[in-house]
Amino acid sequence: MATAFRGYKNDHDVGSTLASTLVDNIVDDLDTLFVGITSVEQGDVANLTLTAAQALNGIIVITGAITAARNVVLPTQNGQRWTVLNSTTGGFALTFKTAAGTRIVVGMNKAAFLRGDGTNILNWGAGLLLT
């Protein structure tokens, strides 16, 4: 399967099906990581559910004033990776989760590297301080 990275088609002849699949997978991962940034205002709702289109971007920034800890519900996408930023005000954490499965808490003005496994949200370095 030929894939694209930022509009560039990956159609290199790498000499084998296994190598070609590996290259395609790497290019797909790059597409996921660099496709863009989603910025969503939380709206001070208990559960903010992101659409599949919003969650497609590799970077998700949540903004807005919140008056309590809130949830951000991500789609159950196997292998999807996100850098998430809690840029809300009010001093409360955001919990990133799927409809069912494990969740990751990200404090105000903190970032985390998350990954979906099809059911759970996994931590790849939560609690990094924003600069």
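**Secondary structure, core and model confidence**

The secondary structure of the protein consists of two helices and 12 strands, in a model that is predicted. Followed along the sequence, these elements are arranged in the pattern β-β-α-β-β-α-β-β-β-β-β-β-β-β.

Among the 131 residues of the protein, 32% are classed as buried, and the accessible surface amounts to about 7100 Å², with 59% of that area belonging to carbon and sulfur atoms. Of the contacts formed between residues at least 6 apart in sequence, 45% link residues that are at least 24 apart.

The largest nonpolar core comprises 18 residues, and within this set Ile62, Trp82, Val84, Phe96 and Leu114 are the residues that touch the most other members. At least two residues of this core are contributed by each of the strands β5 (59-65), β7 (81-89), β8 (94-97), β9 (103-106) and β10 (110-116). In soluble globular proteins, nonpolar side chains tend to be buried together.

Among the elements, strand β6 (residues 70-73) has the highest mean pLDDT, at 97, whereas strand β1 (residues 3-5) has the lowest, at 43. Over residues 1-10 the pLDDT remains under 50, although the model places 23 contacts beyond four places in sequence for this segment. Where pLDDT is low, the predicted coordinates should not be read in detail.

Note on methods:
Residues numbered from 1 in each chain as written. Predicted model: local features only at pLDDT ≥ 70, side-chain atom pairs only at ≥ 80, totals over all residues. Heavy atoms only, no water. Core = buried A, V, L, I, M, F, W, Y, C linked by side-chain atoms within 4.5 Å. Buried < 20%, exposed > 50% of the residue type's maximum accessible area, 1.4 Å probe, protein only. Helix = DSSP H or I, 4+ residues; strand = E, 2+ residues; numbered from the N terminus. Contact = heavy atoms within 4.5 Å. Areas by Shrake-Rupley, 256 points an atom, 1.4 Å probe, with all protein chains shown as cover. pLDDT = per-residue confidence, 0-100.
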